[in-house]
Amino acid sequence: MTTTIATTTDEAVTGVEDGSTVLVGGFGLAGMPFDLIDALIRQGAGDLTIVSNNAGNGDVGLAALLKAGRVRKVICSFPRQSDSYVFDDLYRSGRVELEVVPQGTLAERMRAAGAGIGAFYSPVGVGTPLAEGMETREIGGRVHVLEFPIKGDVALISAHRADTMGNLVYRRTARNFGPVMATAATTVVAQVTEIVPAGEIDPETVVTPGIFVDRLVQAEARRLTVEGAR
């Protein structure tokens with residue numbers, strides 16, 4: 001498989017269909033693929049299930065996609081914070097569904113999808129509303145719940161550098177969910193600030209091998225803050 005280098009972010013998100021499950025990288029604003037999300041809004045796909053760490057900040061990035069009315073359901077760990085007013089309004093008015101997943105479990109469910117694991121047991125969430133109705137099993141004297149993989153139709157992620165073969169290097173905490181999401185989706189689209197010739201990135205520093213990346217596009221990094229964000 002070869003990685004396609006798109007000339008624009010609009011080209012990079014072509015083919016995303018209504019009803020798709022879209023994995024969106026980022027920990028809050030860190031590592032958020034802003035330009036790909038903006039392109040997805042222009043592209044017009046709707047009725048989306050979004051899988052991300054949180055449910056958007058302010059009016060930018062993921063929050064902008066929610067505000068555009070393109071999202072049916074959000075699967076995340078932290079849906080509410082001081083600047084999640086877009087999601088709050090949509091959820092309170094019944095215009096978006098929510099599935100809360102503990103952060104480590106969220107990452108592991110995507111990792112399981114990438115590794116071809118059918119399901120796994122975890123003790124996280126036992127005895128809380130998150131585990132209601134879930135299959136349980138006692139393992140080593142401790143109750144566990146059965147968790148299933150989360151596989152995306154598309155993953156939108158952001159990295160720092162890439163080479164022309166799609167190998168990705170991330171920048172510090174902006175790395176967050178990008179690597180695991182890149183293994184868990186049918187089509188993986190990465191935006192990067194710089195694309196260099198193959199061989200210019202030390203193989204020892206590559207985090208996501210190009211075999212996982214279907215489309216690559218260069219976009220200038222954005223460093224945004226949201227008023228009231230913690």
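**Close-up views of a predicted model**

**Figure 1. Arginine 172 lies in the loop that joins strand β10 (168–169) to helix α6 (178–182).** The model shown here and in the other views is predicted. The phi angle of arginine 172 is near 50°, which is a positive value in a residue other than glycine. The relative accessible area of arginine 172 is 70%. Since a residue counts as exposed over 50%, arginine 172 is classed as exposed.

**Figure 2. Aspartate 47 occupies the loop between helix α2 and strand β3 (48–51).** Aspartate 47 is not a glycine, and its phi is positive, near 55°. Is aspartate 47 exposed, partly exposed or buried? With a relative accessibility of 43%, aspartate 47 counts as partly exposed, because this class covers the values between the limit for buried, under 20%, and the limit for exposed, over 50%. A glycine with a positive phi may be viewed alongside: glycine 44 follows α2, and its phi is near 100°.

**Figure 3. Helix α2 (residues 34–43) is largely enclosed by the rest of the structure.** The buried residues are Phe34, Asp35, Leu36, Ile37, Ala39, Leu40 and Ile41.

**Figure 4. Isoleucine 37 and isoleucine 41 are examined within helix α2.** Isoleucine 37 has a relative accessible area of 0% and is buried. In sequence, 119 residues separate isoleucine 37 from leucine 156, yet in space their C-alpha atoms are 7.7 Å apart. Isoleucine 41 has a relative accessible area of 19%. Because the buried class takes in values under 20%, isoleucine 41 is also counted as buried. Its C-alpha atom is 7.2 Å from that of alanine 68, a residue 27 positions away in sequence.

**Figure 5. Threonine 4 is placed in strand β1 (residues 4–5).** The relative accessible area of threonine 4 is 44%, and the residue is partly exposed. What separates threonine 4 from valine 60, in sequence and in space? The two residues are 56 residues apart in sequence, and 27 Å lies between their C-alpha atoms.

**Figure 6. Phenylalanine 87 and tyrosine 91 form a stacked aromatic pair.** A pair of aromatic rings is described by two quantities, the distance of the centres and the angle of the planes. For phenylalanine 87 and tyrosine 91, the centres are 5.6 Å apart and the planes make an angle of 15°. The pair is called stacked because planes under 30 degrees apart are given that name. The count of aromatic pairs comes to one. Both residues belong to helix α4 (residues 85–92); as they are four residues apart, they are separated by about one helical turn. Phenylalanine 87 is buried, at a relative accessible area of 1%, whereas tyrosine 91 is partly exposed, at 43%.

**Figure 7. Helix α5 (residues 103–115) has its buried residues on one face.** The buried residues of α5 are Thr105, Leu106, Arg109, Met110, Ala112 and Ala113. Viewed along the axis of α5, these residues fall within an arc of 155°, and they therefore line one face of the helix. The length of α5 can also be checked. Its 13 residues should span 18 Å at 1.5 Å a residue, because the expected span uses one less than the number of residues. Just after α5 comes glycine 116, with a positive phi of about 75°.

**Figure 8. The second largest pocket has a volume of about 150 Å³.** It is lined by 15 residues, of which Glu99, Arg109, Leu130, Met134 and Glu147 are the closest to its centre. Arg109 is also one of the buried residues of helix α5. Strands β5 (97–100) and β8 (142–147) each supply at least two residues of the lining. Which of the elements gives the most to the lining of this pocket? Strand β8 does, with three residues. By class, ten residues of the lining are nonpolar, four are charged and one is polar.

Terms used
Residues numbered from 1 in each chain as written. Predicted model: local features only at pLDDT ≥ 70, side-chain atom pairs only at ≥ 80, totals over all residues. Heavy atoms only, no water. 1 Å grid on protein atoms, 1.4 Å probe; cavity = no way out; pocket = protein on both sides within 12 Å on 5 of 7 lines; lining within 4 Å. Points joined across faces, edges and corners; volume = space filled by probe spheres on them. Nonpolar A, V, L, I, M, F, W, Y, C, P; charged D, E, K, R; others polar. Buried < 20%, exposed > 50% of the residue type's maximum accessible area, 1.4 Å probe, protein only. Arc of directions from axis to C-beta. Phe/Tyr/Trp six-rings, centres within 6.5 Å; stacked < 30°, edge-to-face > 60°.
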